[in-house]
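Here is a short briefing on a protein model. Look at the sequence and the structure first, then read on.

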Amino acid sequence: MIAADNVRGLAARLIPERRAARMAWLAALVITVGLLLLPAIVRLDGKPHADWLQFVGRFHPLAVHLPIGLIVLVPVLEIAGAFRPPLREAAGFVLALAVVACIGTLILGYLLAYGSGDTGTTVTRHMWGGIALAIGLLLCLLARPSWSSENLPRLYPSLLAFVLLTLVWTAHQGGSLTHGTNYLTQYMPAPLKRWALLGAVNAAVPNPDSFYAKRIHPVFDANCVGCHGVSKTEGGLRLDSYEMLMKGGKDGPVLLPRRADNSLLIQRVTLPINNQHFMPAEGRPPLKPDQIASIRAWIEQGASPDANTVAGVSLPAEAKEPPIQPVGDYSKLMDEIRQMENSQ
């Protein structure tokens with residue numbers, strides 16, 4: 001009788017646990033399918049949408065630090081839990097918080113991209129990185145009980161390693177969006193920059209000796225490509241090459257040769273800083289007066305990709321490396337040098 005009662009009691013405990021596990025897997029499946037279908041249901045079409053979407057979405061850069069901290073904390077607690085078991089319980093709680101924080105931050109990021117009309121390779125990579133990270137955390141949360149009971153000892157650590165690698169990659173994509181793809185190379189020493197970026201510069205600039213290459217393209221590259229390049233393409237406009245510049249964006253051409261004042265590009269960079277259409281946007285410093293003057297003069301004189309000069313604008317002379325000085329002739333002093341060596 002006692003054995004039968006024990007069996008019935010064990011069954012009474014196991015049945016609710018199994019039901020809860022099935023419900024958890026079902027909920028995770030629904031969330032996973034929803035995350036994978038999100039880009040297809042709400043497409044990033046490159047067009048700005050409601051202002052409230054951007055207002056809410058701009059909390060994404062602030063909120064993103066919470067899931068990052070929680071995710072990094074999980075393996076620390078798991079390792080420390082081998083010596084202090086109560087920390088293992090804390091790790092499970094932190095992991096659950098990380099799942100909720102990651103999904104919430106992902107939604108904020110999607111609202112930001114959709115509301116502001118952001119598109120581009122890096123935007124897409126960052127988006128899919130966030131989706132993969134959220135799904136990986138969900139799987140970690142579901143696999144952890146089996147790891148704790150030693151039924152599947154390798155699954156949870158493998159998933160956790162995948163999550164950490166995905167976090168690093170996704171954070172890198174987000175950093176490129178925030179600071180621009182040239183954040184690390186902007187102040188790179190000139191010889192190293194020429195070696196590392198020669199191919200990219202030649203691909204973006206038709207004639208490396210032209211006025212456009214020496215004066216116009218560097219201004220766009222330093223101030224505009226962060227939002228209007230291959231990584232991030234706001235409003236469908238790219239300024240990372242002459243061809244893309246002349247193509248324009250969703251609002252049509254931004255540059256009209258010989259009509260600088262009618263060009264949308266000049267109009268936007270000369271607006272008051274507090275105007276919502278002022279460029280560069282997102283708190284970036286405005287272009288300098290001499291930069292605007294050079295762009296205006298270049299447009300007025302035809303916006304040629306090949307012209308080497310523009311009337312009224314002088315290019316700074318390139319600094320030349322000083323010639324190598326010849327080494328002096330010290331052959332007459334060799335006897336004295338040997339005497340000094342012998343005397344030591």
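Is Asp290 buried, partly exposed or exposed? Asp290 counts as partly exposed, because its relative accessibility is 40%. Buried means under 20% relative accessible area, exposed over 50%, and partly exposed in between (1.4 Å probe, protein chains only).

This is a predicted model: local features need pLDDT of at least 70, side-chain atom pairs count only at pLDDT 80 or more, and totals for chains, interfaces and linings use all residues. Residues are numbered from 1 along each chain as its sequence is written, and side-chain values use heavy atoms, leaving out hydrogens and water.

**Confidence**
- The protein has a mean pLDDT (the predictor's confidence in each residue, from 0 to 100) of 81.
- Helices are DSSP runs (H or I, at least four residues), numbered from the N terminus.

**Salt bridges**
- The whole structure holds five salt bridges. Each is a side-chain nitrogen of Lys or Arg within 4 Å of a carboxyl oxygen of Asp or Glu.
- Asp290 pairs with Arg215 at 3.1 Å, N to O. Arg215 lies in helix H9 (residues 211–223) and Asp290 in helix H12 (residues 289–300), so the pair ties together parts 75 residues apart in sequence.
- Asp261 and Arg296 meet at 2.4 Å, N to O. Arg296 is in helix H12, and Asp261 is in the loop between helix H10 (242–247) and helix H11 (264–269).
- Glu78, Arg88 and Arg144 are linked in a network of salt bridges. Glu78 is buried, at 5% relative accessible area.

Key. Helices (H or I, at least four residues) and strands (E, at least two) are DSSP runs, numbered from the N terminus.
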